[in-house]
Amino acid sequence: MTIKFQTTDNIEQCLDIRHKVFILGQNVPPDLEIDGLDDTARHYIGLDQDRPVATCRVRFIKETAKIERVAVLAAHRGQGIGRKLMDYVITALAKDPNIKTIKLSAQMAVVPFYESLGFTAYGAPYPDAGIPHMDMQRPARL
Ligand code: COA
């Protein structure tokens, strides 16, 4: 498997993956999934032989980068694509001296996944789109 990660202006490819993963796969209401913030975000895509299979977006809030909408198509999960996508994005963010902290809101089920990438959970769990979440953060550079 050769997978290539890159930033993209082709938001439609990202939205298509997110539609399958969150709206169809996790019953997230469409108006929560499409929250009006995509125009303000940097979008990433993972291409497996030019086929889009993974995505996430990053929003910048002062010295913080927030990773959101992390999604791998169901048929492509469990092969390390999610971890490689996160590694790629974190490595890119770490090169930006203006970014001090990386944050994300993790579904409870994947908190251990993000812990293995250097994130620490803080605060109390809360529901988002009916799914329990925890806030997590890590320094941009460990
Ligand atoms: N529950 C528990 N552990 C999970 C998990 C889940 N739902 N999904 C992934 N993991 C673990 C894997 O076991 C693996 O652990 P390991 O490296 O110790 O073996 C690790 O996370 C990474 O696995 P990887 O194959 O790189 O992940 P992936 O390509 O399957 O992508 C997600 C992980 C979470 C992005 C993918 O499962 C997905 O898109 N899920 C639906 C959307 C979602 O929940 N997004 C996260 C929003 S916070």
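Modeller: Start with Phe 5, Tyr 44 and Tyr 88, which make up one aromatic cluster. Keep in mind that this is a predicted model. Searching the whole structure turns up four aromatic pairs. One of them joins Phe 5 and Tyr 88: the ring centres are 5.9 Å apart, with 35 degrees between the planes, and the pair is tilted. Those two come from distant parts of the chain, since Phe 5 sits in strand 1 (residues 3-8) and Tyr 88 in helix 3 (residues 81-94), 83 residues apart. Phe 5 counts as buried because its relative accessibility is 12%, under the 20% cut-off. Tyr 88, on the other hand, is partly exposed, at 35%.

Now hop over to Phe 113 and Tyr 114. Their ring centres are 5.0 Å apart and the planes meet at 45 degrees, so this pair is tilted. Phe 113 is partly exposed at 23%, while Tyr 114 is buried at 7%.

Tyr 114 also leads us into the largest nonpolar core, which has 27 residues: along with Ile 67, Met 86, Val 89, Leu 104 and Phe 119, Tyr 114 touches the most other members. Several elements supply at least two residues each, including strand 1, helix 3 and helix 4 (111-115). Helix 3 gives the most, with six residues. Look at Val 89, too: beyond its neighbours within four places in sequence, Val 89 is in contact with Tyr 44, Cys 56, Val 58 and Ile 67. Apart from this core lies another one, of ten residues, among them Phe 22, Val 28, Ile 45 and Ala 71. In soluble globular proteins, nonpolar side chains tend to be buried together.

Methods: Residues numbered from 1 in each chain as written. Predicted model: local features only at pLDDT ≥ 70, side-chain atom pairs only at ≥ 80, totals over all residues. Heavy atoms only, no water. Phe/Tyr/Trp six-rings, centres within 6.5 Å; stacked < 30°, edge-to-face > 60°. Helix = DSSP H or I, 4+ residues; strand = E, 2+ residues; numbered from the N terminus. Buried < 20%, exposed > 50% of the residue type's maximum accessible area, 1.4 Å probe, protein only. Core = buried A, V, L, I, M, F, W, Y, C linked by side-chain atoms within 4.5 Å. Contact = heavy atoms within 4.5 Å.
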